[in-house]
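User: I am new to reading protein structures. Please show me how to read a few features.

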4 protein chains.
Amino acid sequence: MNTAPERREEILATAAEVFAAQGYRATTVRRIADAAGMLAGSLYYHFDSKESMLDEILSGFLNELWARYDAVLGSGLGPRETIEALVTESFREIDRRRDAVAIYQKEARHLQDQPRFAYLAASQVKFEKAWLGTLERGVAERAFRADLDVRLTYRFLRDTVWVAASWYRPGGQHSPEEIARQYLSMVLEGITLRE
Amino acid sequence: MNTAPERREEILATAAEVFAAQGYRATTVRRIADAAGMLAGSLYYHFDSKESMLDEILSGFLNELWARYDAVLGSGLGPRETIEALVTESFREIDRRRDAVAIYQKEARHLQDQPRFAYLAASQVKFEKAWLGTLERGVAERAFRADLDVRLTYRFLRDTVWVAASWYRPGGQHSPEEIARQYLSMVLEGITLRE
Amino acid sequence: MNTAPERREEILATAAEVFAAQGYRATTVRRIADAAGMLAGSLYYHFDSKESMLDEILSGFLNELWARYDAVLGSGLGPRETIEALVTESFREIDRRRDAVAIYQKEARHLQDQPRFAYLAASQVKFEKAWLGTLERGVAERAFRADLDVRLTYRFLRDTVWVAASWYRPGGQHSPEEIARQYLSMVLEGITLRE
Amino acid sequence: MNTAPERREEILATAAEVFAAQGYRATTVRRIADAAGMLAGSLYYHFDSKESMLDEILSGFLNELWARYDAVLGSGLGPRETIEALVTESFREIDRRRDAVAIYQKEARHLQDQPRFAYLAASQVKFEKAWLGTLERGVAERAFRADLDVRLTYRFLRDTVWVAASWYRPGGQHSPEEIARQYLSMVLEGITLRE
DNA sequence: TATGAATGAGCTTTCATTCAT
DNA sequence: GATGAATGAAAGCTCATTCAT
């Protein structure tokens, strides 16, 4: 199962693309193989199973994401700046691994019940801790409004950011940073015009 | 195919529940039948295929939704009030048909390529027209900020509302109207504390 | 998985026949289905898997065998009569379930490592206890020779009986009881002519 | 296909070991290669197929066996001494090629229908001729009992000897010759104590 | 001599669907 | 209205084998 890393990555990228486009279940192993220019059986030289491809895609994404998040969280920023940095890193990750994010979005919920994908639930918990904690700190430090339900705000922010993977196309007219800036502006200031 | 309407509705509700929990593809007809207390083959007395169950669930949801939306859009409200009404109706619909909304969220994108589900794409277009139009009117009438990309704002709003179906539980601590009010407050005013 | 018992038994008998003739691994599910007059997939209405057919065949055989053995062992016979009765019951079982015995013979050794087939090993242990015990009792009571290695004698007897399944054909010229009588005569008296 | 004979023999011994332990069909070429410290494809430098390994194992065993048997049969012994010599040679062969004998035992029956393995059937015939002939000669010469079915006696002897391969471990507490002596004692004199 | 990568045929299994009863 | 049994297509996966390097 350990092959030339480049070929693995190629196949994995192909698989991610197809999974994201058609859904994991609806994707046949044959379809991935076609897209990778080989026969279905040949995939099994590189990977144990369809599921293990999914696993690598998802864990690869989460590992990278958490490396960035941890850097942000460890750098001693204030609540508002932390939120800004997390949102920006999220959009950058969507830019880097759009397919993985889209798959995560669609499949994480039922996958996390399987032992193999327990790390999805674990990540979810860490995620909540990081965002919710920052929001609460912001309320305490009078950076954020106190009249909003924090959990609701958390979900709002979280969903808002990740759902973007469903329409985002890398190389489009807005850079990830630009999208992040606009999102943050909406979330932080609201869309109402103030004069 | 025409049976006592209550039995149909029961089965449909069951199917929606399972589809929402496991995904359409991953749901077997047998699982639905189990949950409905019958054998798999017996479902075919009421419906002619698994796909037609999905179809009824989705179109039932969209028909209801558009009846409400059309009422809002035809009532001559200003842009801000229109947005408020649409968001509120959306959360009410999530409250009424949580499963259908969750299914829609997950499956609409690839279903809309099939002729049978072309109405999903059509609805999407109408949807965009309604929301985007309202936002543009709001910018023109100086109700909304002009410095934000309107398409981005549209997507932001749209996603934000519907994704809620993934965590919303009817009968929870917040009523749909209360959730709508908080969401609107965030979107319209932002989460930043202003003194 | 619970269907009309007659159909199950029919299919099981067919499967046993094919397993015995070609070996478990070499037998395809399609071949069993062909012989049973159905399509491969249809077997799965009645059974969970190819392995579960094997399981039922083997456990059915062992259950029946042990019912008979236990009756013999509990009836207070002397060592020689016990051996005679066990051998006779064994040949009767071969007559009744030739295929199952042949499969057992060929496959038991490697199957017993799998948890599902642990009962094969358990049966083996009980088996040894019964036969070896009887032989030892026979030696103690001066019914059997003391100059032979008892374990060797045990293996000799055990193998000798069961291997017969590989050539025995029900309805042949000798009844199971007649074969048992000849086998016993050889084992007990030897083949040497004494005058 | 012609390589250093030592490497071939090594691989063949490895293959025989795995075949004997797991069964021919259940053994993958990769498993053999693993055990031989190479990759699956590399085996094909030495052998042209999995089947040809089996072929060499089996024919190697039979050739050696027949060389010994022929020596015994050509040496003009009486029936009892012939049986004794054949049994002894058989146990020596089990000692030398335990795996091959075990494979033979399990696979010969269905292999012999394939043209490639027709020699298995031929050997079987020769075998029967030698043993059955000796037994008949023994009955005629009043060395063996006349009241036993000779064919049954033949099968009894044959099976009894070869099945030992399934439990025999070279280097165990009994030498092949010792095992042969005990077996012969049982078969010739019976296990009953005579005073 | 051996490796790494691929092939292709065939395997067990799943599942939506049908239909006589 | 529902059951029990079967169909048939397609799925994921295995594995002996090939072959350029």
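Analyst: We will go through aromatic pairs, charges over rings, symmetry and helix packing. This is a predicted model, where local features need pLDDT of at least 70, side-chain atom pairs count only at pLDDT 80 or more, and totals for chains, interfaces and linings use all residues. Residues are numbered from 1 along each chain as its sequence is written, chains are lettered from A and ligands numbered from 1 in the order written, and side-chain values use heavy atoms, without hydrogens and water.

User: How many aromatic pairs are there over all chains?

Analyst: Rings of Phe, Tyr and Trp (its six-membered ring) pair if their centres lie within 6.5 Å; planes under 30 degrees apart are stacked, over 60 edge-to-face, the rest tilted. The structure holds 47 such pairs over all chains. Helices here are DSSP runs (H or I, at least four residues), numbered from the N terminus.

User: Is A:Phe61 buried or exposed?

Analyst: Buried means under 20% relative accessible area, exposed over 50%, partly exposed in between (1.4 Å probe, protein chains only). A:Phe61 has 1% relative accessibility, so A:Phe61 counts as buried. A:Tyr104, at 12%, is buried too. Both belong to one aromatic cluster, whose members include A:Trp66 and A:Trp131.

User: Which residue has a charge over the face of B:Trp167?

Analyst: A charge sits over a ring if NZ of Lys or CZ of Arg is within 6 Å of the ring centre and within 35 degrees of the ring normal. A:Arg155 lies over B:Trp167, at 4.3 Å from the ring centre. In chain D, D:Lys126 lies over D:Trp66, at 4.1 Å.

User: What rotation superposes chain A on chain B?

Analyst: Copies are superposed by least squares on C-alpha atoms of residues with pLDDT of at least 70 in both. Here the rotation is 180°, with 0.0 Å of shift along its axis and RMSD 0.1 Å. The two copies are therefore related as by a two-fold rotation axis.

User: At what angle do H1 and H4 of chain B pack?

Analyst: Axes are lines fitted to C-alpha atoms, for helices over the stretch in contact (heavy atoms within 4.5 Å), and angles run from 0 to 180 degrees between N-to-C directions. Helix H1 (residues 5-22) and helix H4 (residues 50-73) of chain B pack at about 95°, their axes 10 Å apart. They are therefore roughly perpendicular (65 to 115 degrees).

How values were computed
Helices (H or I, at least four residues) and strands (E, at least two) are DSSP runs, numbered from the N terminus. Angles under 35 degrees count as roughly parallel, over 145 as roughly antiparallel, 65 to 115 as roughly perpendicular and the rest as oblique.
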